[in-house]
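Trainee: I would like to learn how to read strands and helices in a model. Please take a few of them in turn.

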Amino acid sequence: MLLLAVAMIIGSCSTGSVETIEPVPFTSVKVTDNFWAPRLESNRTSTIPIAIEQSTITGRIKNFEIAGGMAEGEFASEAPFDDSDVFKIIEGASYSLQTFPDPELDALLDTLIMKIGAAQEEDGYLYTYRTIMGDNSHPWIGSKRWEFTHILSHELYNLGHMYEAAVAHYQATGKRSFLDIAIKSADLVDRDFGWGKIENYPGHQEIEIGLVKLYRVTGEQRYLDLAKFFLDVRGPEGDEYSQSHMKVVDQTEAVGHSVRAAYMYTGMADVAALTGDQAYVDAIGEIWKDIVYKKIYVTGGIGAAGGNEGFAEPYHLPNLTAYCETCASIANVFWNQRMFLHHGEAHYYDVLERTLYNALLSGVSLSGDLFFYPNVLESTGSHQRQAWFGCACCPSNISRFVPSLPGYVYAKTGNDIFVNLYLSNSAEIELADNNVEIVQSTLYPYDGTVEITVNPETEGKFTLRLRIPGWAENSAIPGDLYTFSDSQEGTVSLYVNGKPAKIEEENGYVVLDRKWSRGDVVTLTLPMEVRTVIADERVEADNGRFAVQRGPVVYAAEWADNDGEVLNLVFSPDAEMKVINEPALLDGTTVITTTATPARKSLDDEVLLGEMRPITLIPYHLWNNRGPGEMMVWLPSTPEAAKATPAPTIAYRSEISGSKMTRAINTINDQYEPKSSIDGTRSYYHWWPDNNQWVWLQYDFEKPETVSSSGVYWFDDRPHGGCRVPAEWELLYLNNGRWVPVETESDYTITLNGWDRLSFKPVKTTAMRLRVRLSTDFSSGVHEWVVE
């Protein structure tokens, strides 16, 4: 098959005479700054190696060996979609090879690809679980190929990641070994699926993106047609979880699983760019507004609900139970880049940049070897990055995204260059009439001055378009979900060769259309003032609170800088905020110092304020690099919004234990009154995924106490989650070393969205135990347990 050296024309835009925009590929951009370059290096030295190591330990790589007859045994890892993690790691490693040539890594990829080729069946089918275990060997895979592809088999999802990886490997190394495997697979999928053949869609979108990439590198029209088929065949008989509840062109709201959704929107944008399908463009335009105007977090994260790992109703954006999956942030970046390439408008990059510097970067530690799956905006100390997960999509996704970052910096069309992200780098850009080297020098995102040196191969006229971020012009985010609550004094300034230049904007870009000579220097200065952000009042979780932002970076208060606790603090948005550069802190960062007042509860439930004390805020993406502890993005501005230190009740002074010990166990005595059983504004304790058994919680008192009543508020996350109120419960007290049921004076009740209170004959004891019988099919949890 002839491989085409074609430009990656992604979409049409609306920038006057400009007709098409394409990204400047990552292979043409060398990152040199102090912010991103170390992250690219840690991805090479830590993230990719640990992903390969974990894929070896967990059996993901061995699955290919077994399927290929190179080893014996049963499927060695947990899930049928585990093949995809190996593909994503190869993709990331291929990107990394472009920046950091590494013969040893190159040879390792050759070995992995050889094993993948061995695992591929003769006709091109590649799905190690079925090859090893056979049909009907897992509830997800069905009795034959493709039977459950629209549900959970992930057969097509895995292949989408393989196609992306194969293209990346070919582009990075020039080797066809993996690309030929992908082509053989895609040809089988094309033979089996289509109108008049198998008319079904992938339960997890991704193959659409991979097929478009295969089309671009091979020029094979069948692959593009197949990508469009998988979109058009979707709906209306499916469900919201997989966005198959209606035809894709009829969808106007973001629903269901957020990663599936954003991958689908990205695929729609890719296909629309190459087919001119305006219905796709219109649909994803409406969905984009629904997310950005109603459903995105201030950090740029998407997906509020853990039950469906995705979108909730508009304005439901809880902080402590925010899902904001790392994969969803990566997918959001993919999608917003495509939206920009279609329309040429800067506000898509405003969203991309917000996600990039906050929700996405939070997903990986500074060391590059620890990862978040969800990315909460508030923590009681129960969250900590992990080295790996059973479902390891996020670490492997990080391994492939970070080294691809250089491909998001610039775009071009004709004789126009778009500068979309600001970071120190050098780039070689081919225009229609000239070749241009662009060299950026900046300390962004902590400093707003960007120096851009323009070196055309020959003196000539072309256009430089510099993105002016919305935050630099008083727009926190497109729409009014978040707004700045303070005024900005600074303004954007622009100089060319040391002389002030007129700022003329078009679609959010300063347009410099002039004759350029080698060594011309553009100096752009963006105002880097500390700004306070407030949310739409319909975002209940953020009422009485504000966030702090400087440039694209959202800040947070974390335990390590603030005497071990922050959730009880009350801030003033009018308090002085100082910017301090801390080169020795967290590999070098910029912090913000201010003041706050601690709040505590009295025994009569009154909130008392203490003395004002100094507080340090750090960039949100850096939290949890010094261990678990309290953290919050949205800072309370009223005592009512703060989580006051609990009163010294019997329960609060007790030592807590339970049948299942997690960090969240310490939330059962925090004296928070839930709004409902599914309330996610505070942490809660649960026994999930356990069910159909007795479990327990226990208070050991500081000293013998006489108690005669107790109350429990159950956690229940119906309809999507796995927890319900329990089947039954009982209360016991410790009597001479034996657990004895209390003598009740009221009935045991089981209540949804309310307290279950029990009166009993007074007992003097040193400990109480709450025994809970979980229902047959569901687990349960506890918001609060009081003893009086």
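Trainee: How many bridges join strand β7 to strand β8, and do the two run parallel or antiparallel?

Mentor: Strands of a sheet pair through backbone hydrogen bonds, either parallel or antiparallel. Here β7 (residues 425-430) and β8 (residues 435-442) run antiparallel and are joined by six bridges. Two strands count as paired if DSSP finds at least two bridges between them. Strands are DSSP runs of E with at least two residues, helices are runs of H or I with at least four, and both are numbered from the N terminus. Within this pair, Ser426 stands opposite Val439 in β8. The two strands form a hairpin with four residues between them.

Mentor: As to the source, this is a predicted model, in which local features need pLDDT of at least 70 and side-chain atom pairs count only at pLDDT 80 or more, while totals for chains, interfaces and linings use all residues. Residues are numbered from 1 along each chain as its sequence is written, and side-chain values use heavy atoms, with hydrogens and water left out.

Trainee: Which strand does β8 pair with over seven bridges?

Mentor: That is β9 (residues 449-456), and the pairing is again antiparallel. Ser441 stands opposite Glu451 in β9, and a hairpin of six residues joins β8 to β9.

Trainee: Which residues of β8 make up its covered face, and which its uncovered one?

Mentor: Val436, Ile438, Gln440 and Thr442 form the covered face, while Asn435, Glu437, Val439 and Ser441 form the uncovered one.

Trainee: In what order do the seven strands of the open sheet lie?

Mentor: The order is β3-β7-β8-β9-β16-β12-β13, with antiparallel pairing. The edges are β3 (29-31) and β13 (499-500); each has a single partner strand, so one side of each lacks a neighbour in the sheet.

Trainee: Now the helices. What span should helix α12 have, and how far apart are its ends?

Mentor: The expected span is 1.5 Å times one less than the number of residues. For the 18 residues of α12 (residues 326-343) that gives 26 Å, and the end C-alpha atoms are 26 Å apart, which agrees. Of its 18 residues, 18 are buried, that is, under 20% relative accessible area with a 1.4 Å probe and protein chains only; over 50% is exposed, and in between is partly exposed. Gly344 follows α12 and has a positive phi, near 65 degrees.

Trainee: At what angle do the axes of α12 and α14 cross?

Mentor: Two packed helices are described by the angle between their axes and the distance between the axes. The axes of α12 and α14 (residues 393-401) come within 8 Å and cross at roughly 35 degrees. Axes are lines fitted to C-alpha atoms, for helices over the stretch in contact, and angles run from 0 to 180 degrees between N-to-C directions. In α12, the residues that meet α14 are Thr326, Cys327, Ile330, Val333 and Phe334. Contact means heavy atoms within 4.5 Å.

Trainee: Is α14 enclosed or open?

Mentor: Nine of its nine residues are buried, so α14 is largely enclosed by the rest of the structure. These residues pack against several helices, including α1 (36-57), α3 (83-99) and α12.
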